[in-house]
Amino acid sequence: MKDLLGGKGSNLAEMTTIGLKVPPGFTVTTEACLEYLEEERLPEEIKEEMKGYMEELEETMDQNFGDPEDPLLVSVRSGAAVSMPGMMDTILNLGLNDETLQGLIEKTDERFAYDSYRRFVNMFGEVVRGIPHREFEEIMDEVKEKRNADQDVDLDAEGMKEVTERYKELVGNIPSDPWEQLVEATKAVFGSWDNERAIRYRNLNDLPQDMGTAVNVQAMVYGNTGEKSGSGVAFTRNPSTGKNEIYGEFLQNAQGEDVVAGIRTPLDISDLKEMWPDIYKELEEVCSILEEEYKDMQDLEFTVEEKELYILQTRTGKRTPNAAVKIAHDMHEEGIISKKVALLRVEGEQVEKILHKRIDPDAELDKLTQGLNASPGAASGKVVFDTDEAERRGNEGENVILVRPETTPEDIHGLAAADGVLTTRGGMTSHAAVVARGMGKPCVAGAEEIDIDLDGERFRVDGREIEKEDMITIDGTTGDVIWGEAPLIEPEFTDEFEKLLGWADDIRNMGVWTNADTPEDAQKALDFGAEGIGLCRTEHMFFDPERLEAVHEMIIAEDEEKRKEALDELLPMQKEDFKGLFRVMDGLTLTVRLLDPPLHEFAPTDREAQENLAERMDIDVETIRNRVARMDEANPMLGHRGCRLGITYPEIYRMQVRAILEAASEVQEEGTDVEPHIMVPLVGNVSELKNVKEKVIEPAEEQVFKEKEEVDYQVGTMIEIPRASLTADEIAEEADFFSFGTNDLTQMGLGFSRDDVGTFVPNYLDEGIIDKDPFQVLDQDGIGELVEIGTKRGRETQEDLSVGICGEHGGEPSSVKFCYRSDLDYVSCSPYRVPVARVAAAQVVIEDEMKVDEGVEGY
């Protein structure tokens, strides 16, 4: 019932049902939230229902809401269907006013009562009145300084009373009627669904904007009654490593918000073993029960009130990518979940982020300090203190490290854009740590030796001063903060990850190939499990500085004879490129795309290069400039490129085909199997493919195989023009295979210039015109339809036509799943996305089985 009760509400109900000690309460549903957001008022019938449930809660607790002698106090917490840590709002100790305060004092003590009251005023002020948190912090800091208190807990009753009175002055009118407080709080929590940080979080995590949040009203239990009380956060397994151990933090004499806010650095959960061994043992039992019930790692909040343990909430725990793999693997090995469920537990983005870089263990490092290793991985970047600046510079491609005393949910946009985050306060479950782990970004938290001067944009540590723009490196795996840019090395697969990928390979039945232009890239892709090369871009070989001179001469040549001279110089270079690739591929398919970009991209544009070229070719510089200028096109992406080049200048393509076939033949003679596929780009008319085959490929074949051993090869085309999809039945008469170039197909199908989408697509996303950037996630309704049409029509002509995709969509999980459902034979993507595609290609098989079987055993 998560959609109705929210994740928190449904889990509270379930924990109550299975007998865990949960403070009683009730849930106001997500339907009520959506109704409130639509009507901008809380309907009377909802208020009446709330009153009825409050009466039941009063009876259960044997207390009355608003009773001046023994007041029932409640917490009001948000809870959406999908976990959004820290993104929406909470109010604790609701029901306090000047009268009920006296009853609480009589029942407990003055310091505890004022501590509870100031927390309520603070949260009510922030959530309902919209007063910035820092204004409350400034008051607290002033009172602590005045009274020589290091931390909040060091303030006595008079100190807490002063804080409370000053908070009340800041907030202004707070309803004294607890019922009015509850109604205003409920409306504010509902309204927090649409706050900026929540919207940003949903956008970053691809969550729907129309789910709404539930509100959970729960009887208060108190972790701040003294030394026998406290609050904590626990994970049933380590969310950073996945190790099967309780992981978390605890604060004595504190409420739960103190732990997650990161304002005080808490104790490690293991300290409970010695401090309160019975409580720790009970917590272990709770963790075991929750894992058995939910069959996944749980993140729970708990309170100890006078040595009595209460569970306040549980949810599926956020985890690092490496932890996700280990937990999924281990839970299968422990018999908790099946292999198929284990595979579904690891998201495509997590697979990609597993390939985090780490600091070279042999490097000499200038270590500044060490904090808590809150989120693994290493990153280097310039120090930035302002969240908005981190967002702007990070989105512009700069490497930045966001440095803050602590982060709050309002900082999520900066965290998303920064390469890593460093905080001086907070622990392993602070906001910065949880969000960074969820994003797969390195985080070092609680680096308490660092003294930050936000106004001066600098920090001091161990006698050294580090300023904005200085380069630092953080290691979220060790907690180290390092001066300068530390050398980083590539990650290695863990045994658990290798095994998980093996399970995926056993289940999937769609091929996973790679886009690779060099033997090094090809080898990396093979190491990651690629089964072929679906796209080798020959133009990247032309940019090699050693061959640019010959490329320039080919472009500027005024006639075919001079062009052939330059091409004869390039032929052996291209052949060596292909031989290296054929050797690495060792019998797997190598699909080589013939030259695609317009020639002007290779033309010499700077004065020095033009002068050198003029001297080599013995012509004047002005002639060079004129020929370069003539190549300029109004719309080069739709201009003289792809197969149009091969038709206009067949000698260029002929050289490339010769290089491919000669390389294949020579490597075959060495005893290595070869599988060459020649791909003609940008075909929109079957006659173009016919022309290239007749005037380029067949003559080149005849020339090569006169002297060299014959090899089997195929000729196919990229389907990247909408017309090609619509006439795929005709094109299939001449093509041995199709490969959808979805980058260009998206560009032409949507009419979006790939180079200019940054000017309007972000606005389209904000306005809800599109859900995803179509160059990152395949537009399944539009461009996907062209893929399906092209595949279907091609196979009407040639039943066993091989069809794949070689745009970067081939490594994006939802696009991979679409390709499987569209009956493609393989996807091809960059080497580092090969593991992502392997997992996604297995997940789609499992998901489709679930639709048929209505579930997977053990899920």
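Tutor: A salt bridge is a side-chain nitrogen of Lys or Arg within 4 Å of a carboxyl oxygen of Asp or Glu. This is a predicted model, and it holds 67 salt bridges. One of them joins K468 to E457, with the closest N and O atoms 3.7 Å apart.

Student: Where in the chain do K468 and E457 lie?

Tutor: K468 is in the loop between strand 19 and strand 20, and E457 is in the loop between strand 17 and strand 18, 11 residues apart. K468 is partly exposed, at 23% relative accessible area, and E457 is partly exposed as well, at 27%. Both belong to a network of salt bridges that also links K382, E389, R393, E398 and E469.

Student: How are R625 and E622 placed in helix 25?

Tutor: They are 3 residues apart, so about one helical turn separates them. Their salt bridge has its closest N and O atoms 3.3 Å apart.

Student: Are E662 and R658 buried or exposed?

Tutor: Both are buried, which means under 20% relative accessible area. Their side chains meet in a salt bridge of 3.2 Å, N to O, and they sit 4 residues apart in helix 27.

Student: What about nonpolar side chains?

Tutor: In soluble globular proteins, nonpolar side chains tend to be buried together. Here the largest nonpolar core has 124 residues, and F738 is among those that touch the most other members. Helix 27 supplies the largest share of this core, 10 residues. Another core, of 56 residues, lies apart from it and includes L104 and V171.

How values were computed:
Residues numbered from 1 in each chain as written. Predicted model: local features only at pLDDT ≥ 70, side-chain atom pairs only at ≥ 80, totals over all residues. Heavy atoms only, no water. Core = buried A, V, L, I, M, F, W, Y, C linked by side-chain atoms within 4.5 Å. Buried < 20%, exposed > 50% of the residue type's maximum accessible area, 1.4 Å probe, protein only. Helix = DSSP H or I, 4+ residues; strand = E, 2+ residues; numbered from the N terminus.
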